[in-house]
Amino acid sequence: MSIKFTENQQSAIYTKNTDILVAAAAGSGKTAVLVERIIQNILAKMNGDDGIEIDELLVATFTNASARDMKDKIERALRERLASSEDVVTLNYLNEQLLKMNKAHISTLHSFCLYLIQNHYQLIGLTPNVRTVDTIEGELLLEQVIKTTIERKLKSDDAAFTSLTRVFLGNNDINSLMEIVKSAYRNAIANSDVDAFLNNMKDEYIDDTFLDDLNTRYYKHLDDIVSAMASSLQRINEHFDHPSVAEDYEQHEKHRIFNNVKKKIGKMNDELTLIKAELQDENLKTKRLTEFSAADLSNFENYIDMMNPSKSIIISTANLYTKLLSTFTSSFIQSRNDYRDDLRHMNPMRNAFIDLVITVKDEFIKQKRRMGVIDFNDYEHLALEILTHNDVREMYQNKFKEIMIDEYQDTNPAQEAIIARMKSPSNNNYLFMVGDVKQSIYKFRQADPTIFIDKFKRYQSTDDGTLITLNNNFRSSYGVINLTNRVFERIMDESVGDVTYDETQALIYSKNSDSNSEDHAFIENYTQTDEIPNFKEHYVVERIKMLKESGEKYKDIVLLTRAKTHHIELQQLLRKYDIPSHIESDKGYFESTEIRTIKSILHVIDNPLQDDHLVGVMRLPYFDFDVNEISKIRASSEHMYLYEALSEYKNNFDDALANRIEQFISRVEYFRTESQYLSVHELIELVYREIRLTEFFSAMYNGEVRKANLHQFQHQARLFEARRHITLFEFLSYINELLDEDKDMGETSILTESDDVVRIMTIHKSKGLEFKNVIYYHIEKDIVNPQRSEPSIHLHNTYGLAVKTFDAEDNTMLRNMHSVLLADTMKEELYSEEIRLMYVAFTRAEERLILPLNHKKDHSLKYSVDPNQLVIERNIRLNLQSFKDYLTPIGKYLRSKDGRNEVRDGIVIEPQIDIENLKNDDEEEVRLSSKEILDDIVDTLPHISQDDALKDRIMYEYVSPDGLDKKVFKESVTEIKRRHEVLPDEAAPRQFNRTSQLPTPVFVEEKAQATTLGTWMHEWMMLVIKYADDISSSDDKKSTLSKLFDDHGLSERINSSQKFQFINNALKFMTDASILSLLDHRLAIYTERPFIMNQRAIGEEVVPEQMVQGIIDLIIETDDACTIIDYKTDYIDDKINEDMLILRYYKQIQLYKRSLEKLVGDKKPIHAYLYYFNWKGGAIKVDV
């Protein structure tokens, strides 16, 4: 089907020999234009004209899905022309273009950068097998580098950095500083030259030119606030000066109050006039300004009966004045000389922070190179480095005759630098850039809309390139377009939104088919009622049901939100009403039942002596052990572990249960044997196949998603193995680390376009999509989090690094000129992006746009729409709390302007749901207590009601636990050891000084790291024991240990100084005479063996039936004994002797020995050693 292109579209398709910027509004057919331009260029080349073949194009899209879609459309268009042609030359040429499609560079810019890296890796010092880390792995690695860098700097003699950490390590928590550094790093790497960007900011706080510019911008900022305050007073005055108001108040008993308020407003105006004059002289004096009191606001409310404007507008305007006054007061710093002194004082700390970010960047690169990996952010910078080579750059400049960039408004500075280097200085090639700054919503990913805006203005006013605008909307109904234009012409301009929504930006209705009479845009104001819980959710449910009843399919309905906060709750509510829905989440993957199940199975394969995982596996339908059977097995044995109890039951009994146990153990041991030969992902595949795990979960609710999650888990194992990790234990440790660091993933999406479900998604996810019916949900959500605090340090790509001033006397951070200006800029950028986000939501709708506005009380207005002023005042827009506050006054204005409630120009301003009916439909659910339910059961079953004993058992009520002693029923060995500890003789009371002092983070962090280092040390020793023979036989044991350390990825988590300590500890251990003797005569070795058993069995009972749990580090079995070795990483003072060290852990070793005796019996004696890595004496034998 041929498309009839508009005049501007044809210009975008056929204009040549110039750089072109296409400002393509939503629904303007930009993809069709891009495809047609490519096809016409291909055909022109065939005809001998100035054309371009498919492999001479570089087409960069925003997503991989967009790239695939564009490739499909280009291929389809070529095949259509191929089918309609009979000319041999044409057929051959088109076939040749189709063959070249496979190698055509139509991809994301990231993919093209990766292509450069893969083909020119030798120029940048990479190996051909370099691997890209996934997002989660990269995040963990970056956090570890930041933490290690801070630790290293804390131990240095850098006075400026020490001061910085004392100021910014809030609550002795290194994580707060880590987050600030990570944010600054993310901002910095979006620049093409990160080092130059950061280094150029150094010493700005002692640079007079920078400070003069800062001073000028600061006073302009204060002047703008004062002007906004004056404007607010003027609007209030206009309300009071309304003829009907003034006339009525002459006769009103509150005439005196009215005049007093008028006088107060006059006084405020005089104060503002004086301040404006002082600001012009840059000599603002500190003074207290008059403000509206609570009594004033109360008086305003009393005037409402006689005033034309609504009470809410007057009060909102007065509140805005108060808010602006507060902003002015908090923004007012100090005199001109004082602020310079404050900033100069912060200059060393600021420089130290910049150096920290640079060091993190450099260390992160080094760490990735050591590991042979890169991350997604490296793509751009490595591509830039490759393109610095003249021969490579010129080769690609000559290869690509045209460079086409889609979604150009979301480009960052580094990407713009790549595009610039691909552009030939001799105009051998040209740029074709397409985008819409009104849809720039990815600033959190460092997208910079000013790149598009600057080029738009330049092309508009110069001959540097050609500007083409596409405003015809072929997607949406007239009502949707009309409402979009009417809303955004009033709320979007350059000051809030970055572009003025005038006739050059407004959408033009151009849909080919006639709209249905019901295709409208709806602003549905309704008042929430407390009679129905979750009222707004119920309203949306009813709206969906109404659409369904009108003939719409669920798949044609989307609920758009600004955040994922309420997605799960909303989906559960829809499910309650049998409305199928789909959400995409980035959380919950590891907590899903199927993933927890496969994790438990793998844990059992790795070590079956883990009762919690073992019970979960036994309860699987494939094995089908019920609770009674497991209890019976457990009660039949005094063994520590359930797995041992299973073996004992199998050997001692000959019944059906014993046969099933034998089959179960056989299956587990089969998996354990196979795990020694298979990779982790192969082992997972074997488990899936042997116990039909995927089939089981596929049959459950949401089975396809569960099946996809299991396949994704296997894929994660493959990715893990690519990091040169091979053991099951390492894989499970990695998964546990992800969980500990809260690095979750979303469930795998298997949604297709044909699935008839309501889509629930964020506006960001909806970008580039379109839906017949759009419901904008949770529109009343706050734009700015009221709890959000202003950062003490913030890096901005344009306005640099702002650092608040530290007041050492009060130990507080104070705002200064730079932080005030940057906070104001951040607020403007946030509101601008939120306005654009709302535009994207509106323009996803094809037929209906539904905006449910939930009001808790009356439909209060935050401002009034002035018919004579198109755009709402900037400071009003920057101080509204939600999109509802933007839309409610506009909706009221449109309704009053049209003078009726029915449809006008495709817009409906009234609720479509009968609230009373909604109340009646939602009958209160009657909830019975469990006792009431049991009473009903007993009364209806005679054989129970007539049997008093049975009835008493069923109706038995347990004693309230409030009167019982709070006792735990499971203790660790460490807890029991501490219970038996006696204070040493040298212990004495300590006097603590309660005077507030600044934190000393280095010591706090060293303590915080002790547990983690201990855990890593135990993990390291497991490897050392595993490869003990290789180490013992090596001539260079230290080098062997170092290689073992690196090969197993410990360098990724442990810094070089810690690595040195770990290797020396292992070397000392592997050369200890007692240890070597045991290893030489070993029959078997067991590492990190957990146990849970009854305390009565080991003579340590405090509470009846109390359990004890622990982990024995190392057990070495020889011909004549079993020997326990317990590792200790304690700090050892020179004054401590061997007896004191034994006493410290005597109780713990005693418990270990008793536990092992229960397992071994009287077959072999139990010996025990303590091994202190930080003690010079080596292994210490403990006689217990």
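Colleague: Why is Tyr14 said to touch Arg37 and Gln40?

Modeller: Contact means heavy atoms within 4.5 Å, and Tyr14 meets that limit with Arg37 and Gln40, once residues up to four places away in sequence are left out. This is a predicted model, so local features need pLDDT of at least 70 and side-chain atom pairs count only at pLDDT 80 or more, while totals for chains, interfaces and linings use all residues. Residues are numbered from 1 along each chain as its sequence is written, and side-chain values use heavy atoms, with hydrogens and water left out.

Colleague: Where does Tyr14 lie, and how far is its C-alpha atom from that of Asn41?

Modeller: Tyr14 lies in helix H1. Helices (H or I, at least four residues) and strands (E, at least two) are DSSP runs, numbered from the N terminus. The C-alpha atoms of Tyr14 and Asn41 are 8.3 Å apart, although 27 residues separate the two along the chain.

Colleague: Why is Tyr14 called partly exposed?

Modeller: Buried means under 20% relative accessible area, exposed means over 50%, and partly exposed is in between (1.4 Å probe, protein chains only). Tyr14 has 45% relative accessibility, so it counts as partly exposed.

Colleague: Which sheet are we looking at here, and what makes E3 and E8 its edge strands?

Modeller: The strands form an open sheet of six, with parallel pairing, in the order E3-E2-E6-E7-E1-E8. Strand E3 (105–108) and strand E8 (466–470) each pair on one side only, and that makes them the edges. From one strand to the next, the twist averages 15°.

Colleague: Which residues carry the feature "binding site" in UniProt?

Modeller: The unreviewed UniProt entry places that feature at Ala24, Ala25, Ala26, Gly27, Ser28, Gly29, Lys30 and Thr31. UniProt positions are given in the numbering used here, feature names are shortened, and annotations may be inferred rather than shown by experiment.

Colleague: Is Ala24 buried or exposed, and is Thr31 buried or partly exposed?

Modeller: Ala24 has 1% relative accessibility, so it counts as buried. Thr31, at 22%, counts as partly exposed. Ala24 sits in strand E1 (residues 20–24), and Thr31 belongs to helix H2 (residues 30–46). Beyond neighbours within four places in sequence, the contacts of Ala24 include Lys30, Val434 and Leu470. With residues up to four places away left out, Thr31 touches Asp69, Met70 and Lys73.

Colleague: What makes Glu137 and Arg131 a polar contact?

Modeller: A polar contact is a pair of N or O atoms within 3.5 Å; within protein, one must be able to donate a hydrogen and the other to accept it, and residues adjacent in sequence count only if both atoms are side-chain atoms. The side chains of Glu137 and Arg131 are joined at 3.1 Å, so they fall inside that limit. Glu137 is in helix H6 (residues 135–154) and has a relative accessible area of 6%, so it is called buried.

Colleague: Why is strand E12 described as largely enclosed?

Modeller: Five of the five residues of strand E12 (residues 557–561) are buried, so the rest of the structure largely encloses it. Ile557, Leu559 and Thr561 point one way, Val558 and Leu560 point the other way, and all are buried. E12 is joined to E15 by four bridges in parallel, with Leu559 opposite Ile775. E12 also pairs in parallel with strand E14 (residues 758–762) over four bridges.

Colleague: How many disulfides does the structure hold?

Modeller: The structure holds zero; a disulfide is a pair of cysteine sulfur atoms within 2.5 Å. Cys113 is buried at 1% relative accessibility, and Cys1122 is buried at 6%.

Notes:
Pairing = 2+ DSSP bridges. Axes fitted to C-alpha atoms, helices over the stretch in contact; angles between N-to-C directions.
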